Amino acid sequence: VCDHFKAPVSINSGYRTVTHNKKVGGATYSQHLYGMAADITVRGVEPKKVYAFVDGLMPYTGGVGLYKTFVHVDVRKTKSRWNG
């Protein structure tokens with residue numbers, strides 16, 4: 001992602017404890033709880049462009065969620081896409 005956009009990637013949320021996940025309104029079985037997810041931003045790049053690129057990296061697997069200010073990326077075995 002860094003190489004593609006030629007810009008730094010910030011991880012806003014990675015692994016979460018159950019307590020923290022509840023506090024931030026995370027899903028009950030969030031991939032963050034297993035250390036399998038990250039919410040990211042790319043400096044100077046709108047989230048929908050990041051979403052489109054990451055979606056192309058994992059066309060048949062992984063979770064990619066588009067939010068107003070960030071993109072959720074996870075490495076689950078099945079494909080899941082959503083707008084948050």
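## Nonpolar core

The largest nonpolar core has 14 residues, and V50 and V71 have the most contacts inside it. Four elements each supply at least two residues of this core: β2 (37-42), α3, β3 and β4. In soluble globular proteins, nonpolar side chains tend to be buried together. The model described here is predicted.

V50 shows how the core is joined. Leaving out residues up to four places away in sequence, V50 touches F5, I40, V42, V45 and V71. V71, one of these partners, is also the other residue named for the most contacts inside the core.

H72 sits in strand β4, which covers residues 71-74. H72 has 6% relative accessibility, so it counts as buried, because the cut-off for buried is under 20%. Its side chain makes a polar contact of 3.0 Å with the side chain of D39. Beyond its neighbours within four places in sequence, H72 is in contact with H32, A37, A38, D39, G63, V64, G65, Y67 and W82.

H32 lies in the loop between α2 and β2. Relative accessibility is 2% here, so H32 counts as buried. The H32 side chain also reaches the side chain of D39, with a polar contact of 3.2 Å. Setting aside residues up to four places away in sequence, H32 touches S13, G14, Y15, R16, A37, A38, D39 and H72.

## The loop between α2 and β2

H32 is one of the residues in this loop. M36 lies in the loop as well, between α2 (18-23) and β2. M36 has a relative accessible area of 34%, so it is partly exposed.

At 62% relative accessibility, T28 counts as exposed, because the cut-off for exposed is over 50%. T28 and K48 are 20 residues apart in sequence. In space, their C-alpha atoms are 25 Å apart.

## T61, between α3 and β3

T61 is in the loop between α3 (47-57) and β3 (62-66). Its relative accessibility is 35%, so T61 counts as partly exposed. Which residues does T61 touch, not counting residues up to four places away in sequence? They are R76, K77, T78, K79 and R81.

T61 and K48 are 13 residues apart in sequence, and 19 Å apart from C-alpha to C-alpha.

## K6 and its positive phi

K6 is found in the loop between α1 (2-5) and β1 (9-13). Its relative accessible area is 73%, so K6 is exposed. The backbone of K6 stands out: phi is near 55 degrees, a positive value in a residue other than glycine. Most residues other than glycine have a negative phi.

Key. Residues numbered from 1 in each chain as written. Predicted model: local features only at pLDDT ≥ 70, side-chain atom pairs only at ≥ 80, totals over all residues. Heavy atoms only, no water. Buried < 20%, exposed > 50% of the residue type's maximum accessible area, 1.4 Å probe, protein only. Polar contact = N/O pair within 3.5 Å; in protein donor to acceptor, adjacent residues only side chain to side chain. Contact = heavy atoms within 4.5 Å. Core = buried A, V, L, I, M, F, W, Y, C linked by side-chain atoms within 4.5 Å.
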